Amino acid sequence: GDIVYRDGSGLARLGAGTSGQVLQTGGTGANPSWGTVSSDVVKTASWDYSSSASSVTLSSVFSNDYDVYKVFFINMFADSNTQLEWRLLTSGGSASGDYDITRIGSYADDNGSNTGDTHNTHWNASYVRPAPENVSTSVANSISTELTLINPYKTGKKRHFHMHSFIDAANAYNYQFLAAGFNDDTSNNYTQLQFRFEGGGNVAGGSVRVYGFKN
């Protein structure tokens, strides 16, 4: 695992690095050295469908290390016609506070002949629904959402969130929704993310990725 390189006076040895390190310049002069990759974006959780579940909880997702998180719900669908929803939980699995959401959107049928705009609100909710429309039972009628969470862990701050969603809905219409809102609790440390489908429908497919952005 050693590397031989030429320094200013002749051949020199660089011993093997440790697991996960990368080769870089930045040692003495322009000599090579081993270092650890530093990234401003870190994946903190992931999930891929493997079996039907009434709900899924991702643990140890949020921490004091990050103020901003991105969550991607990818091609999510259920075993019945219903709506995706999510919420934050403490490390003990408790939910606290209500969610207030406002949405604007546009829609078109599968032929593009019927189009329009829509807007609605969802106040004092216990879960957040990215889109007020139903998926169906296959990836053909699924929903994908990009969710930004502000301060899910830190206390004394507003827990704002922003969402951009696309759903090829069960009613043969396509919808795009922009939504924003907040959780009104500022005293609990949220560390977990839970998602499910409204009305008892089981999660039947999809993937989730969560990334933290360094302060």
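The model is predicted, and its largest nonpolar core has 41 residues, of which L58, F73, M76, W86 and V210 have the most contacts inside it. Strand 7, covering residues 66-78, gives the largest share of this core, namely seven residues. For M76, once its neighbours within four places in sequence are left aside, the contacts include W47, L84, V135, I143, F195 and F197, and also among them is a run of residues made up of V203, G205, G206, S207 and V208.

An open sheet is formed by three strands in the order 6-14-8, with antiparallel pairing. Strand 6 and strand 8 are the edge strands, each pairing on one side only, and neighbouring strands of this sheet are turned against each other by 20° on average, direction ignored. The strands of the sheet span these residues:

| Strand | Residues |
|---|---|
| Strand 6 | 55-58 |
| Strand 14 | 190-197 |
| Strand 8 | 84-90 |

Strand 6 and strand 14 run antiparallel and are joined by four bridges; L58 has L193 as its bridge partner in strand 14.

Apart from its neighbours within four places in sequence, L88 is in contact with F62, S94, A95, Y99, L149, P152, Y190, Q192 and L193. By contrast, the C-alpha atoms of L88 and D40, which lie 48 residues apart along the chain, are separated by 24 Å.

Methods: Residues numbered from 1 in each chain as written. Predicted model: local features only at pLDDT ≥ 70, side-chain atom pairs only at ≥ 80, totals over all residues. Heavy atoms only, no water. Core = buried A, V, L, I, M, F, W, Y, C linked by side-chain atoms within 4.5 Å. Buried < 20%, exposed > 50% of the residue type's maximum accessible area, 1.4 Å probe, protein only. Helix = DSSP H or I, 4+ residues; strand = E, 2+ residues; numbered from the N terminus. Contact = heavy atoms within 4.5 Å. Pairing = 2+ DSSP bridges. Axes fitted to C-alpha atoms, helices over the stretch in contact; angles between N-to-C directions.
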